[in-house]
Amino acid sequence: MNNLFNAAGMVTDIFTDGGCRSNPGPGAWGFVVVQNGEELYQESHAETSTTNNQMELMALLKASQWAVNNLGGGRVVFHSDSSYALKSIQEWFPQYIKTDRWKEMKHIELIGLIVSLRYMYGTGWQYEWVKGHADNQWNNAVDRLVNVTMDGLSVTVQPKVQINPLADFLVAKRAELENKTKNTDFMIVDVQSFQYMERYSFRRTDGKIFTADFYYNGKHLFTKTVCSCPELKTLIE
């Protein structure tokens, strides 16, 4: 992959933000990618009916997906002024997932996707809280981006890098499995990546853990599923 952002020792800062008017109401998410004090990329999108917390989490999710597709490794620091979003993925989700209360967690689908992407690809990812509406240049920049988008201007700057089709392919599979197991007794709790195989661990509501191995070939086609639980295999195939 010809990656413009893969310089050795390079630190990439990604500033995320989300907002909503009336809460619930029209809202937007956005993120800005920065290296060496220069903006490399920005992306945003408006939603007609949403909440503040949903948009803060969506901003982190979309920024994570962008990092998977466009950064070949190295240290990535995600900055957010949302204590709720950062505590959800770093503190509350690990606690809830150990108990039968995980289905009670609000926005579990978004939070689960962010955490899974970090497990799969983000060995060099970190999260930092930044004070909102203060003196941080890039936090203010992404706040403006979100507000412009909520005003009706969808602002997207295309990345100057090649997209990684394998990353898109695996992220799509993750989303597919999330959808298939939504509102069931199973939830994804871990993902491990191997050459031509992804191993998913699912937690059932009784606390038992089951694995499912998804094999794929060099043409990005899934060829076989091996699952330790017949009930789960029926759900995910």
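Helix H1 crosses helix H3 in a left-handed sense. The model is predicted. The points below cover this helix pair, the aromatic pairs and the lysines placed over rings.

**Helix packing**
- H1 spans residues 52-70 and H3 spans residues 108-121; the two pack at an angle of about 25°, with their axes 9 Å apart.
- Since angles under 35 degrees count as roughly parallel, that angle makes H1 roughly parallel to H3.
- On the H1 side, the contact residues are Gln54, Leu57, Met58, Leu60, Leu61, Ser64, Gln65 and Val68.
- They meet Leu110, Ile111, Leu113, Ile114, Leu117 and Tyr121 of H3.

**Aromatic pairs**
- With ring centres required to lie within 6.5 Å, the count is 13 aromatic pairs.
- Trp29 and Phe31 have ring centres 6.3 Å apart and planes at 5°, so this pair is stacked.
- Both Trp29 and Phe31 are buried.
- The pair Tyr200 and Phe202 is also stacked, because the ring centres are 6.2 Å apart and the planes are at 25°.
- Tyr200 is buried, at a relative accessible area of 0%, and Phe202 is buried with a relative accessible area of 0%.
- One aromatic cluster is formed by Tyr196, Tyr200, Phe202, Phe214, Tyr216 and Phe222.

**Lysines over rings**
- Phe222, a member of that cluster, has Lys173 over its face, at 4.5 Å from the ring centre.
- Lys224 lies over the face of Tyr215, at 4.7 Å from the ring centre.

Note on methods: Residues numbered from 1 in each chain as written. Predicted model: local features only at pLDDT ≥ 70, side-chain atom pairs only at ≥ 80, totals over all residues. Heavy atoms only, no water. Phe/Tyr/Trp six-rings, centres within 6.5 Å; stacked < 30°, edge-to-face > 60°. Buried < 20%, exposed > 50% of the residue type's maximum accessible area, 1.4 Å probe, protein only. Lys NZ or Arg CZ within 6 Å of the ring centre and 35° of its normal. Axes fitted to C-alpha atoms, helices over the stretch in contact; angles between N-to-C directions. Helix = DSSP H or I, 4+ residues; strand = E, 2+ residues; numbered from the N terminus. Parallel < 35°, antiparallel > 145°, perpendicular 65-115°, else oblique. Left-handed = near helix turned anticlockwise from the far one by under 90°. Contact = heavy atoms within 4.5 Å.
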